[in-house]
Amino acid sequence: MIDFLFHPTHLPVIFASLMGISILLYVILDGYDLGIGMLMAVAPEPDHDTMVAAIGPFWDANETWLVLAVGLLLVAFPAAHGMILTALYLPVLVLLIGLILRGVAFEFRAKAHGVERGWWTAAFIGGSAAASLAQGWMLGIYVLGLEVSWAALGFAALVAVCLAAAYVLIGATWLILKADGALQRRAVVWARRSLAFALAGMVLISIATPLASPRLFAKWFEWPTIAYLSPIPIAAGVAFLALWRVLARLPQPGDRGSLTPFLLTAGIFALGFFGMAYSFFPYVVPDRLTVWQAASAPEALSLILVGTLFVLPMILGYTALSYRIFRGKARGLTYG
Amino acid sequence: MDAELLARIQFAANISFHILFPTITIALGWFLLFVRARFLMTGDQAWMQVYRLYVRVFALSFALGVVSGITMSFQFGTNWPGFMERVGNVAGPLLAYEVLTAFFLEATFLGIMLFGHDRVPGWLHTLATALVAIGTSLSAFWILVLNSWMHTPVGFEIRDGVVFATDWWAIVFNPSLPYRLTHMLLASGLTAAFLVAGLAALRWLKNDRDRDVVLALKTGVTAAAVLIPLQILAGDMHGLNTLQHQPAKVAAMEGNWETRGHVPLLLFAWPDQANRVNHFEIAIPSGASLILGHSPSAVVPGLNDFVGRHPPVAPVFFAFRVMVGVGVLMLLVSWWAAYRLWRRGEPSPLQARVLVLMTFSGWVATLAGWYVTEIGRQPWLVTGVLRTTEAVSAVPAPTVALSLTAYLLIYVALIIAYIGVLTRLALKAHPAPSGAAPRLQAAE
């Protein structure tokens, strides 16, 4: 087992998987708090505090998954880190400024009053939107192999909107879990409306990716591969349908089923992610650099892996503890 | 300006902005734990009130540190791809261990520390506070290991231009780590101490003189008075360590051109690198020889031994004087205020005013110190291994100029907002009696 894990040809694959898990956890976890940030644009002012309270204890740790994902890219695949981030220089700038604005607005907002509070709320909404759109944009450019053409930019713009919609969807489902009364009913409506956009985005990427690259087309549509892979799109379709039906029935008395929409959405995110991971593996920069070409020295990777195997279970453990402590409906936040 | 200089300014701006906040939170975390412990031991509600104000300061500072830290992790790739390509096998594991052991720990338990007081038992809340403090300190440890290794690299070999680790023990405990880590942790302690004291002094001046204000004032001033002599000692030892490993940096700090004995200590001068002389020298004869060699005739290295391999002199020379100057001021102010506070139990109005002015003095000294050591490492990114020029990305200058402008605008705005909010938090720490006074958690 140890020999298998630490084998020089396996290490890059293990690190690609670890990075994948971090990205998936980031997209689900920070996805819901970015989504709630954007939803504050349409929510009535009195609901803002509850919405902030629904993500207050979590957002910081959620964002750390991004740091881990980028960190793993940096330390395990330094050549790819340079290539990807240099090519995405401007969207990265927008992403970072968005994250800075929303992160600090969160704190500043809690300590401001009147007009000033309104500004920080606007910074929170704007920062959340900018970060989400930038991530979608980067995803679009990355999917097409970091090319810059008008078609690629148009596609990136489309993915940007769709990913933002997906974040709004998962944000709304998190609110269904954490809010009650009028806000919960509103969250159900928001989830229903964003569902169509998120679905459109997923279908678009699924169609565009194989069309853009003959390699990917072959990877997906050759017999018998297509038979093995068919459970992914079918499961995603079923999850969308189930989500649609569940949302139509919520809220229910006794708050039954308020966790289901979030779990279904997270499942959809995971399926989309696995589809994409399958498409790109073994490339870390599409069609240019494989995980083996981009990897750091095996000694360095082994050392990081030892630490990861020890620490990751602890991280997951205390993350679970935090979610357990803050379970139940969100109330106004007060520092203790 | 060329893209490399812009990229350097951008990295300097980002890391300067970032370091302001960890410098506060590393020590403020331990301060909060101390305050909590005092409350638990004495049951005195005033300590809880101290906690309530400074935990807000902590939360705000922490958020600013987190978001500016995320920026840093991306900038390695966007602006300095050569760094990780060449020394990634050493830098990578160190950065990874920082994220794994420190970031998640502090981020997760911060949520419990800030918002969990009515959801968890008192012991768990105290434990969360302790884990946040441990997390911030661990984070400082790993990042200073990497930074120290960049100054005094050991435990590696170079194959095909790429660095490979050979001895991790040597890398982690590299020659400058003990000095740099101690110096930085003490700097954090002083920064937090003056911040705590400064905000309390502001309240005291505005006639908010309840027991919690005096407690915070006493704790801050006493901590500063204890830490500053230790810092002067640690700084001196760090300087001697630098003399051993990076003599060109020390030559620039002293503004000394020729290697010789009886080198004066320059209180002021205008180093002229083009002509390789100093103008307007005000000096203490043989002072530098005495400090660095413990003898008036001790030989001090000069910049002319390192032509083409030494840092730009003026920024290192002046930054060093700013750091030492603020340090001396800290010594005078903290001892003066501590003496009176312990004898009379309150500061004089003049002392309170001076302490308010010194609220952010730790920032000035810390930044100046970092400029000394980081500019002092130039032209190297990793001493003797990788030049800064070799690591820069090919992003064109106008693009870097655009991102630099955006960062600068946002950072200036945030610093103004930060100082404004801290001031207001301090002044409104005691809500009007008629308002909804926060209910204290007596059960804890």
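Visitor: Where is the place of Phe280(B) in chain B?

Guide: Phe280(B) sits in strand E4 (residues 277–284) of chain B; helices (H or I, at least four residues) and strands (E, at least two) are DSSP runs numbered from the N terminus. This is a predicted model, in which local features need pLDDT of at least 70, side-chain atom pairs count only at pLDDT 80 or more, and totals for chains, interfaces and linings use all residues. Residues are numbered from 1 along each chain as its sequence is written, and chains are lettered from A and ligands numbered from 1 in the order in which they are written.

Visitor: Is Phe280(B) buried or exposed?

Guide: A residue is buried if 20 or more other C-beta atoms, placed from the backbone, lie within 10 Å of its own, exposed if 12 or fewer, and partly exposed in between. Phe280(B) is exposed, with 8 other C-beta atoms within 10 Å. Its phi is near 50°, a positive value in a residue other than glycine.

Visitor: What is phi of His262(B), and where does the residue lie?

Guide: Phi of His262(B) is near 55°, again positive in a residue other than glycine. His262(B) lies in the loop between helix H8 (247–254) and strand E3 (265–272) of chain B. His262(B) is partly exposed, with 16 other C-beta atoms within 10 Å.

Visitor: How are two packed helices described?

Guide: By the angle between their axes and the distance between the axes. Here axes are lines fitted to C-alpha atoms, for helices over the stretch in contact, and angles run from 0 to 180 degrees between N-to-C directions. In chain A, the axes of helix H2 (residues 11–39) and helix H4 (residues 59–76) come within 8 Å and cross at roughly 155°. H2(A) is therefore roughly antiparallel to H4(A); angles under 35 degrees count as roughly parallel, over 145 as roughly antiparallel, 65 to 115 as roughly perpendicular and the rest as oblique.

Visitor: How many residues of chain B are in contact with chain A?

Guide: Two residues are in contact if their C-beta atoms, placed from the backbone, lie within 7 Å. On that basis, 61 residues of chain B are in contact with 53 residues of chain A. H3(B) gives the most to the chain B side, with 22 residues.

Visitor: Which residues are joined by cis peptide bonds?

Guide: One such bond joins Leu250(A) and Pro251(A), with omega about -5°. Pro251(A) lies in the loop between helix H12 (231–249) and helix H13 (260–280) of chain A. Another cis bond joins Gln378(B) and Pro379(B), with omega about 5°.
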